[in-house]
Amino acid sequence: MSVAFSDTARRELEAILSRYPDKEAAILPALHLAQREFGYVSDEAIVYVAGLLGFTPARIEGVATFYTMYNRKPVGRYHVQVCRNISCSLMGAEHLIEHVSKKLGIRPGETTPDGRFTLSKAECLGSCGTAPVMQVNDDYHEELTEEKIDALLDGLP
Amino acid sequence: METVLTTHFADERYRRVDRYLELGGYEALRKALSGPKERIVDEVKKANLRGRGGAGFPAGVKWGFLPKDLSRPRVLVINADEGEPGTFKDRQIMARAPHLLLEGIAIASYAMTIHLSYIYIRGEFVREAKIVEEAVAEAYAKGFFGKNILGSGFDLDVYVHRGAGAYICGEETSLINSLEGKRGWPRIKPPFPASVGAFGLPTIVNNVETIADVPWIVTHGGEKFASLGVEKNGGTRLIGVSGPVNRPGVYELSAGVLLRDIIYTHAGGLKDGKALKAVIPGGSSTPVLRPDEIDVTYDIESMGKIGTMPGSGGVIVIAEGTCMVRALSVLMNFYAHESCGQCTPCREGTGWLAKVMGRIENGQGREGDLELVLDVCDNMMGRTICPLADAAVMPAQSFIWKFREEFERHIKDQKCPFGNRF
Amino acid sequence: MPTFVINGMSATVADGMTILEAAKQLGIEIPHYCYHPKLSIAGNCRMCLVEVEKFPKLQISCNTVVTEGMVVRTDTEKVRKAVTGVLELMLIHHPIDCPICDQAGECGLQSYYMKFGLHKSRFPLEDKVHKKKVQDIGGQIVLDAERCILCSRCVRFLREVTGTCEMEFFDRSDHSEISIFPGRPLSNNYTGNLADICPVGALTSKDFRFKCRVWFLKTANSICTGCANGCNVYADFKGDILYRLRPRQNDAVNKTWMCDFGRLEYRKANEDRLLTPVIREGGKPIAAAWESVMYTTAMKFKDAAEAHGPESTAVIASPQSSNEELFLVRKLAKEILKTPYTGFSFRAPGDQTFDDFLIRADKNPNSLGAQLLGFSEEGFDRTLKAVSEGKIRALLVFGNVLADLTEGEIVSLLSKVPFVANVGTNDGAVPRAAHAVLPQASFAERGGTFTNYAGRVQRFQPGFRPRGKARAGIEIVSELANRMGAAWAFAGEASVFQALSASEEPFAGLSYESLGEQGRPAGGAK
């Protein structure tokens with residue numbers, strides 16, 4: 001069961017390769033691309049990217065497992081990542097994580113049975129002045145309260 | 001007070017090149033290109049511009065590390081991997097004034113005879129990366145990047161490279177490895193990046209804010225920039241204040257501003273009239289200060305005298321009633337999570353520190369734990385490839401030294417007096 | 001050539017040397033794991049920290065180049081505490097597997113713990129991170145990820161030496177683990193080296209697993225007999241059983257490596273050995289004493305020569321024989337038998353793999369030696385032709401194969417010779433078809449020299465006395481010759497080599513002393 005990039009993605013990869021003197025540097029962007037194309041970075045995706053760029057799967061796996069943003073397992077449609085670092089904790093992040101956990105019925109690290117939400121604890125997201133902060137897929141949500149979180153999660157399509 | 005960076009932060013159109021040009025943008029680049037490169041480096045040295053990423057290394061000196069021989073192409077890498085807890089200033093520059101950064105890149109590249117630059121943006125900053133990419137495209141379209149910039153004969157290519165989630169990639173050699181497509185492992189030095197860096201080429205890595213300061217320095221002169229700060233620490237700094245204060249956010253202040261003023265004047269003091277219990281002054285890796293230690297100016301030398309640093313400009317305010325053990329436990333978990341795992345003292349030490357701190361907070365501390373923690377800290381500090389181990393050790397040591405009774409109480413009473421809550 | 005001071009002692013060393021290398025040269029031991037002389041510098045174990053004057057922090061000696069006037073100390077309390085500190089942290093997660101771990105006795109953690117640690121662990125057992133143990137990752141290797149100290153030697157080896165990159169680090173922080181990608185096992189011919197370079201029992205040899213505790217093993221300096229490359233090896237044995245071969249450093253031949261095929265050559269000393277002299281009568285082997293086998297063989301050759309002339313005798317030499325043996329074999333053939341039919345073949349049955357690293361297509365350790373000492377492939381072909389034409393009455397053949405002929409071909413060929421005497425170490429088609437079998441000592445049981453493909457003459461040393469009734473090759477040939485009228489009195493391999501180097505030009509000027517442990521090129525060879 002192998003995977004392959006769409007034509008658009010292949011063209012994007014070509015553009016990516018042209019930016020660097022060494023094709024090795026395309027590994028991180030290629031993995032972002034693979035995650036976008038295939039939903040998550042599966043074993044097949046690793047083997048595919050390895051073949052595309054001319055490296056062993058072990059090499060690509062080493063990179064993919066080092067960085068937190070590459071999901072080696074599928075995540076829900078909405079990946080809810082709540083910061084639990086110092087500033088956010090001082091501003092109540094722990095309570096909010098408990099709140100979201102109760103609301104979704106899952107513990108951090110788990111996915112709802114319908115595959116809609118995955119809840120994670122994140123480290124510092126770089127927006128401490130508007131703590132507490134969470135990231136849902138690509139978007140930051142700041143100055144969170146229980147009400148704001150409820151409104152946001154309930155309102156997702 | 002004169003502002004270098006935040007002057008037009010509130011203008012939502014400032015991120016577009018047309019608006020940036022309207023407000024005087026890229027004039028500094030024109031001025032820079034009209035003269036010799038050495039002049040720019042001179043001004044940056046006169047400016048006493050210390051790196052704004054946390055280490056505070058003088059930018060002009062760092063630029064001078066590049067080899068004189070131009071036979072190998074050089075690379076300028078912008079460190080936009082802002083990950084130090086408590087720090088959120090580079091995000092503002094990228095989102096609100098990306099062309100300040102880009103103009104700075106063009107000028108700095110010209111000054112150092114660099115024709116290739118990468119902006120390494122942490123992966124989580126998806127929106128900011130898009131904004132910067134759009135700004136880069138605009139800069140190319142206007143002829144500020146690319147071939148024969150403004151008819152000067154100078155070529156420069158600039159690319160955005162996104163990270164993928166690793167605090168350690170804020171360390172310059174780790175960042176270089178990550179740029180090259182590898183695991184974000186810091187490199188042993190020598191060789192230093194200025195001789196062997198990205199793709200084996202001489203490389204300079206600078207923080208976003210450091211480079212964003214360059215256009216103003218070129219326009220107004222290094223001395224003027226220096227005068228905005230204090231001796232040895234010139235200019236203004238973007239200082240972020242977070243925690244339970246009335247006005248959290250980023251403030252552009254003189255490098256010599258009083259720490260007390262940052263908290264009480266600019267950030268409006270603590271919410272609900274609470275008393276201050278502790279301040280982490282420069283991002284989580286800097287030694288913590290007690291309330292009786294905040295009458296110090298925020299420059300590198302003065303902070304150094306009291307055993308801490310302004311670091312990455314992230315002031316984290318801790319109010320009375322906060323459990324310091326729990327706070328330290330949060331930080332120890334952070335460093336354990338972010339340790340790249342390459343070298344023994346950090347990999348094993350950060351992991352263990354997180355475990356033992358968790359135990360102490362949960363009422364399972366043992367007699368002798370604190371001495372053991374401090375001894376392990378001694379065995380980690382200065383023994384590793386990069387300063388992440390030091391970054392974990394400094395809060396661990398300073399919290400225990402300055403709030404020891406709180407830790408001892410957790411151990412003696414076998415419970416957290418604050419109820420295991422913030 | 002900087003002069004520096006280390007532990008109060010002044011020394012001058014070559015340019016570009018690191019403190020660690022200089023210390024090694026000066027006999028000062030600096031503990032280390034990740035450093036390996038043939039791999040890039042990693043600097044991650046942090047064991048080799050030393051004090052260097054003018055540096056505020058301790059420096060890793062593996063990556064600090066010695067400069068003029070440098071002052072180094074490796075023996076201070078500060079350094080000792082640092083080393084103990086690193087060791088202690090490394091042992092937080094390391095499982096206490098010593099009783100069942102093959103590495104025990106040659107383990108970096110054990111050694112340095114005894115030298116620098118000897119502390120009681122201050123860290124509770126429940127803090128251990130558990131990882132996957134006993135994984136077959138392909139090749140000759142078993143991986144125990146829990147024992148791994150993450151020194152990265154294996155990853156660097158597979159990247160820099162074999163270029164096959166099957167192993168990598170996964171995850172990060174103290175959950176970092178080395179492994180292969182699932183379904184992509186080690187697939188190169190040098191996997192055995194991973195067990196050598198792993199300082200602990202994380203990567204161990206499948207073949208050697210649980211066979212013997214290393215402190216029971218003795219070691220002999222030897223040469224691998226698997227092909228013409230002549231990799232220098234250590235032969236580890238207990239009693240008269242050989243347990244394993246490990247590479248021995250020789251920068252001119254194999255650096256610190258050997259191939260997986262060569263590693264298994266040790267089995268040839270243990271298995272399918274010819275251990276008793278045999279005479280066959282009417283096709284049936286009857287065990288016999290050396291006396292009768294020698295008497296019979298010598299008599300058969302004398303009779304053949306007398307009745308049908310020297311051209312009815314033939315000698316087929318083996319490229320598995322040592323230079324010393326081949327010298328005597330040719331002396332026997334030329335001076336005593338006076339036969340025109342001599343030769344050898346470097347062809348062999350079985351695997352023909354070769355590469356541009358250490359594996360040669362020629363699977364014999366001494367083909368060049370055989371050539372230099374007067375045997376040829378052309379001679380072999382002529383001799384086989386004579387045999388097939390029924391011209392040969394008495395044939396002396398060394399080794400258990402005839403070129404790459406099948407057993408059937410060998411049987412049919414040798415059936416044309418009324419008397420075939422075989423001198424060899426292992427069973428095979430030739431001894432099975434021979435009328436007299438003279439069991440020879442293996443490479444582990446006698447000394448000598450081989451000449452590798454590049455003309456390097458290298459010594460191999462015996463580990464133990466010949467098993468069973470086997471005898472050293474030079475003894476067998478000498479006694480045969482003397483029973484046929486010679487008056488040889490060679491005292492041992494050294495005296496044969498002395499005679500050899502005196503009369504054979506390619507070996508002129510060489511002696512066991514000058515060969516030392518690293519060998520020397522034969523004259524005219526590079």
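Between domain 1 of chain B and domain 2 of chain B, eight residue pairs are in polar contact, both residues of each pair being at pLDDT 80 or more. That score applies here because the structure is a predicted model. On the side of domain 1 of chain B that touches domain 2 of chain B, the residues divide into six nonpolar, six polar and six charged. The contact itself brings together 18 residues of domain 1 of chain B and 20 residues of domain 2 of chain B. About 1,400 Å² is buried between these two domains, and carbon and sulfur atoms give 54% of that area. The count of salt bridges between them is one. A salt bridge is also formed by the side chains of B:Arg50 and B:Glu301, with a distance of 3.5 Å from N to O.

The domain assignment places these parts within chain B as a whole. Domain 1 covers residues 12-228, domain 2 covers residues 236-319 and domain 3 covers residues 324-413. Taken over C-alpha atoms, the centres of domain 1 and domain 2 of chain B are separated by 27 Å.

B:Thr203 belongs to strand β4 of chain B, which comprises residues 203-207. Is B:Thr203 buried or exposed? With a relative accessible area of 2%, B:Thr203 is buried, because the limit for a buried residue is under 20%. The side chain of B:Thr203 reaches the backbone oxygen of B:Leu201 at a distance of 2.8 Å. When neighbours within four places in sequence are left aside, the residues in contact with B:Thr203 include B:Leu66, B:Val75, B:Val77 and B:Ile176. B:Pro193, B:Ala194, B:Gly197 and B:Ala198 are also among the contacts of B:Thr203.

The description now turns to the contact of chain B with chain A. To this contact chain B contributes 56 residues and chain A contributes 41 residues. The area buried between the two chains is about 3,900 Å², with 59% of it given by carbon and sulfur atoms. Five salt bridges are counted between chain B and chain A. One salt bridge joins B:Arg91 to A:Glu142, where the closest N and O atoms are 3.2 Å apart.

Which elements of chain B each supply at least two residues of the side that touches chain A? They are the strands β2 (116-121), β3 (157-162), β5 (236-242) and β8 (314-319), together with the helices α8 (172-179) and α14 (324-338). The largest share of that side, eight residues, comes from α14(B). By class, the side of chain B that touches chain A has 27 nonpolar, 16 polar and 13 charged residues.

Chain C is the next part to consider. It contains 16 helices and 23 strands. The C-alpha trace of chain C spans about 90 × 50 × 35 Å along its principal axes. Of the 526 residues in chain C, 59% are buried. Among contacts in chain C between residues at least 6 apart in sequence, those joining residues at least 24 apart make up 67%.

Within chain C, C:Ser322 lies in the loop between β16 (313-316) and α9 (323-337). C:Ser322 counts as buried because its relative accessibility is 1%, where the limit is under 20%. Not counting residues up to four places away in sequence, C:Ser322 touches C:Asn366, C:Arg446, C:Gly448, C:Thr449, C:Phe450 and C:Phe460. C:Ser322 and C:Thr339 are 17 residues apart in sequence, and their C-alpha atoms are 21 Å apart in space.

Chain C also meets chain B, with 36 residues of chain C in contact with 35 residues of chain B. The two chains bury about 2,900 Å² between them, and 50% of this area is on carbon and sulfur atoms. In chain C, the residues that lose the most area to chain B are C:Arg46, C:Leu89 and C:Arg172, which together account for 22% of what that side buries. Three salt bridges are counted between chain C and chain B. B:Asp375 forms a salt bridge with C:Lys81, the closest N and O atoms lying 3.1 Å apart.

How values were computed:
Residues are numbered from 1 along each chain as its sequence is written. Chains are lettered from A and ligands numbered from 1 in the order in which they are written. This is a predicted model: local features need pLDDT of at least 70, side-chain atom pairs count only at pLDDT 80 or more; totals for chains, interfaces and linings use all residues. Side-chain values use heavy atoms; hydrogens and water are left out. Contact means heavy atoms within 4.5 Å. Buried area is the accessible area (1.4 Å probe) that two parts lose on being put together, summed over both. A salt bridge is a side-chain nitrogen of Lys or Arg within 4 Å of a carboxyl oxygen of Asp or Glu. Helices (H or I, at least four residues) and strands (E, at least two) are DSSP runs, numbered from the N terminus. Ala, Val, Leu, Ile, Met, Phe, Trp, Tyr, Cys and Pro count as nonpolar, Asp, Glu, Lys and Arg as charged, and the others, Gly among them, as polar. Domain bounds come from an automatic or database domain assignment. A polar contact is a pair of N or O atoms within 3.5 Å; within protein, one must be able to donate a hydrogen and the other to accept it, and residues adjacent in sequence count only if both atoms are side-chain atoms. Buried means under 20% relative accessible area, exposed over 50%, partly exposed in between (1.4 Å probe, protein chains only).
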